[in-house]
Amino acid sequence: MGKRKLPYRSALAAAARGLNEELQKERGRRCVVASVKLISIGSFCLATIMSLVNSAISAEEPVPPPSGQKKIAFAIHGGAGTIDRSTMTPERERAYHAGLERAVMAGYEILKSGGASLDAVEAAVRVLEDDPLFNAGKGAVFTSAGTNELDASIMNGKTLAAGAVAGVKRIKSPINLARMVMEKSPHVMIAGDGAEAFAKEMGVELVDPKYFFTEERWQALEKLKAEKKETPVSDKDRHGTVGAVALDQAGNLAAATSTGGMTNKRVGRIGDAPVIGAGTYADNRTCAVSATGDGEYFIRVGVARDVSSALEYQNASLGDAAQRTIDKVGQLGGTGGLIAVDKNGNIAMPFNTSGMYRAHISPDGKTVVEIYK
Ligand code: ASP
């Protein structure tokens, strides 16, 4: 008898096959679930390890500013002196305002986008150096010999590194060269021909000394040479300087100062602007300072370091410390002012003259430009 498939048998076989397939599928599903679980556990462990590694790295990062995260502050000056409202034309006043605003914005944009305080102060000072209205770079005053000799300095509050140039005659942006001295040489200050040789090595822009000629500064020199006791020349014609101080989002302070010095100064005379501790100082533990005024007095008082020391040793507020230092200059017979920002972002701008070209960014982000008392 031939083998005949009984209907119930084939039904049973089909059911068994179906069951087997289902079992296979279930095993497959479980396998996938188990693998997914394994992968998840693996990724969790990896993420944990990575975050531990990251927190170990960020422990090396600079300490955030004490008053909270991401606070920035920025101020600049364009020199202090007898600035008389009655002799200032509206056009001239507008030009000063525009120049100060351009410079303060150049630095502030850098700070806002998370840039370094050093870059911000250098950028603002470079804008002022290129503006013939201010006594620095292009608008530098003349020596008694009818030449221009420029001074500048910059300081990093995080490391206390500093750089300065003095008595340079062909450097378009002395602040840029001062930064090169700080970052690319083992020195703090380089003067005269040596500074210019260093500039050539660094590829820094040199210009013909004629670049610094401006009619207004020449007239100021003539006036001063002809000065009689009974008609003293205003200090507006004698001096000026530019500078900037900044606190960046990482809590780092920086200061920069650049000047043509004093009109009719002796050849080789060096003022306070390139002297670290006199015209410029910055220390993350205290404040950043840039000064302007009769350089000889500012050197004798050690103005910029004096403000920082009052914060460091006497726990003084920035406003009190800055005012007291300017008072010391005044007691000796010197005139001028300073700008300063502390580690918490407070700003002080005292001066003992009738005006100081200045600008800062207010806590709500507005640009404030001022000239008079
Ligand atoms: N402090 C500068 C100097 O004595 C001049 C100034 O700021 O007015 O060279």
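**Entry 1: the cores**

Which residues touch the most other members of the largest nonpolar core? I found Phe74 and Ile76, in a core of 49 residues. Apart from that core lies another one, of 36 residues, and I noted Met155, Leu253, Ala255 and Ala348 among them. My terms here: a nonpolar core is a set of buried Ala, Val, Leu, Ile, Met, Phe, Trp, Tyr and Cys residues joined through side-chain atoms within 4.5 Å. Buried means under 20% relative accessible area, exposed over 50%, and partly exposed in between, with a 1.4 Å probe and protein chains only. In soluble globular proteins, nonpolar side chains tend to be buried together.

**Entry 2: ground rules and overview**

I'm working with a predicted model, where local features need pLDDT of at least 70, side-chain atom pairs count only at pLDDT 80 or more, and totals for chains, interfaces and linings use all residues. Residues are numbered from 1 along each chain as its sequence is written, and side-chain values use heavy atoms, with hydrogens and water left out.

I looked up the secondary structure and got nine helices and 12 strands. These are DSSP runs numbered from the N terminus: helices are H or I with at least four residues, strands are E with at least two. The protein has 373 residues, and 47% of them are buried. I also checked contacts (heavy atoms within 4.5 Å). Of those with a separation of 6 or more, 68% join residues 24 or more positions apart.

**Entry 3: helix 4**

Is helix 4 mostly covered or mostly open? It is mostly covered: helix 4 spans residues 174-184, and eight of its 11 residues are buried. I listed the buried ones as Pro174, Ile175, Asn176, Leu177, Ala178, Arg179, Val181 and Met182. Their cover includes helix 3 (117-129), helix 5 (192-202), and strands 2 (150-156), 3 (161-168), 4 (189-191) and 6 (253-259).

I picked out Ala178, which sits in helix 4. Ala178 counts as buried because its relative accessible area is 0%. Beyond residues up to four places away in sequence, Ala178 touches Ala152, Ser153, Ile154, Gly163, Ala164 and Val165. I also looked up its distance to Asp151: 27 residues apart in sequence, 8.9 Å apart in space, C-alpha to C-alpha.

**Entry 4: the partners of helix 4**

Helix 3 and helix 4 pack at about 150°, with axes 8 Å apart. (Axes are lines fitted to C-alpha atoms, for helices over the stretch in contact, and angles run from 0 to 180 degrees between N-to-C directions.) The two helices are therefore roughly antiparallel. I use under 35 degrees for roughly parallel, over 145 for roughly antiparallel, 65 to 115 for roughly perpendicular and oblique for the rest. Helix 3 brings Leu118, Asp119, Glu122, Val125, Arg126 and Glu129 to the contact, and helix 4 brings Pro174, Ile175, Asn176, Arg179, Met182 and Glu183. I sorted the contact of helix 3 with helix 4 into five nonpolar, one polar and six charged residues. In this sorting, Ala, Val, Leu, Ile, Met, Phe, Trp, Tyr, Cys and Pro are nonpolar, Asp, Glu, Lys and Arg are charged, and the others, Gly among them, are polar.

Helix 4 and helix 5 pack at about 75°, axes 11 Å apart, and are therefore roughly perpendicular. Leu177, Met180, Val181 and Lys184 of helix 4 meet Ala195, Phe198, Ala199 and Met202 of helix 5. I counted seven nonpolar, no polar and one charged in the contact of helix 4 with helix 5.

**Entry 5: Tyr372**

I found Tyr372 in strand 12 (residues 367-372). Tyr372 counts as buried because its relative accessibility is 11%.

**Entry 6: positive phi**

Most residues other than glycine have a negative phi. Leu160 has a positive one, near 65°; I placed Leu160 in the loop between strand 2 and strand 3. At 38% relative accessibility, Leu160 is partly exposed. Asn264 also has a positive phi, of about 70°.
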